[in-house]
Amino acid sequence: MTQIASIRDTSSDRRLQAERLIGPHALQQAQALRFQVFSGEFNAKLNGAEQGLDIDDYDVHCMHIGVRDLSTGRLVATTRLLDHKAANTLGRFYSEEEFSLHGLGHLQGPILELGRTCVDPAYRNGGTIAVLWSELAEVLNEGGYSYLMGCASIPMQDGGIQAHAIMQRLRERYLSTEHLRAEPKNPLPTLDLPNNVICEMPPLLKAYMRLGAKICGEPCWDEDFQVADVFILLKRDELCPRYARHFKAAV
């Protein structure tokens, strides 16, 4: 189902539409947006860079969804979804490249993994993410998924100060290994940081926490993307009531 929302900013009225990205051309648009964000902001090492794209072996096994600005036709946000059946075919979830997921086989019910989520910098607001979430909710409902999982990234260009400061907050409020424990294969380098250092949480990570997600362990240092990846798990029946309207049929 397509979701449409009107979002007002200081320059114009924006009408944003969520959609399933079907076919080679739509996938290439998603890969181009990913390249723009990951290469431009993180200086990531990406397959497909010579074509201005971010390409990997998982793309063809995933469902891709996105948000389009109807006034320009531009794709302004995207994420890809890998379910447990496709992961079984591949032999792994994408997150398992970075984490040993202890307890994964004991989760009760089907699992959906989010990955490569990105938003055009000019559209990073709650409205854009809400439109993307609305389409994600439709997929969650249709598949009857019990768990949503994936990684959220924190930039490491500052040597890890932001990542370590954010992790201090996350451990206090959002750490849970009740259902699953994620052990990073490449832990962050040690950094002696005072407890009173405060850093802003990236918008996507903040959005996951507001939905009711938990982190399942320490972050993994992705050196190709120059980010600290935090593994998050959202149990469907533990969605935060305040934000459950984005997943109205899923609760």
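Student: What makes the contact between Asp 56 and Arg 80 a salt bridge?

Tutor: In this predicted model, the side chains of Asp 56 and Arg 80 come to 2.8 Å, N to O. A salt bridge requires a side-chain nitrogen of Lys or Arg within 4 Å of a carboxyl oxygen of Asp or Glu, so the pair qualifies.

Student: Which parts does the pair of Asp 56 and Arg 80 tie together?

Tutor: Asp 56 is in the loop between α1 and β3, and Arg 80 is in strand β4 (residues 74-83), so parts 24 residues apart in sequence are tied together. Both Asp 56 and Arg 80 are buried. Salt bridges with shared partners also join Arg 34, Asp 54, Asp 56, Asp 59, Arg 80 and Arg 116 into one network.

Student: Where does Asp 59 lie, and with which residues is Asp 59 in contact, leaving aside neighbours within four places in sequence?

Tutor: Asp 59 belongs to the loop between α1 (24-42) and β3 (63-69). With those neighbours left aside, Asp 59 touches Leu 27, Gln 31, Arg 34, Asp 54, His 64 and Arg 80.

Student: How do you know that Glu 19 forms a salt bridge with Arg 68?

Tutor: The closest N and O atoms of Glu 19 and Arg 68 are 3.1 Å apart. The limit is 4 Å, so this pair is a salt bridge. Glu 19 lies in strand β2 (residues 13-20) and Arg 68 in strand β3, so the pair links parts 49 residues apart in sequence. The relative accessible area of Glu 19 is 16% and that of Arg 68 is 12%; both values are under 20%, so both residues count as buried.

Student: What makes β5 and β8 a pair of strands?

Tutor: Two strands pair if there are at least two bridges between them. Strand β5 (residues 99-102) is joined to β8 by four bridges, so the two strands pair, and they run antiparallel. Leu 101 has Ala 182 in β8 as its bridge partner. Ala 182 and Pro 184 make up the covered face of strand β8 (residues 181-184), whereas Arg 181 and Glu 183 make up the uncovered one.

Student: What volume does the largest pocket have, and which residues lie nearest its centre?

Tutor: Its volume is about 570 Å³. The lining holds 30 residues, with Phe 38, Phe 42, Thr 117, Ser 153 and Leu 204 nearest the centre. Strand β6 gives the most to this lining, seven residues.

Student: How do the residues of the lining of the largest pocket divide?

Tutor: They comprise 17 nonpolar, six polar and seven charged residues.

Definitions and conventions. Residues numbered from 1 in each chain as written. Predicted model: local features only at pLDDT ≥ 70, side-chain atom pairs only at ≥ 80, totals over all residues. Heavy atoms only, no water. Contact = heavy atoms within 4.5 Å. 1 Å grid on protein atoms, 1.4 Å probe; cavity = no way out; pocket = protein on both sides within 12 Å on 5 of 7 lines; lining within 4 Å. Points joined across faces, edges and corners; volume = space filled by probe spheres on them. Nonpolar A, V, L, I, M, F, W, Y, C, P; charged D, E, K, R; others polar. Buried < 20%, exposed > 50% of the residue type's maximum accessible area, 1.4 Å probe, protein only.
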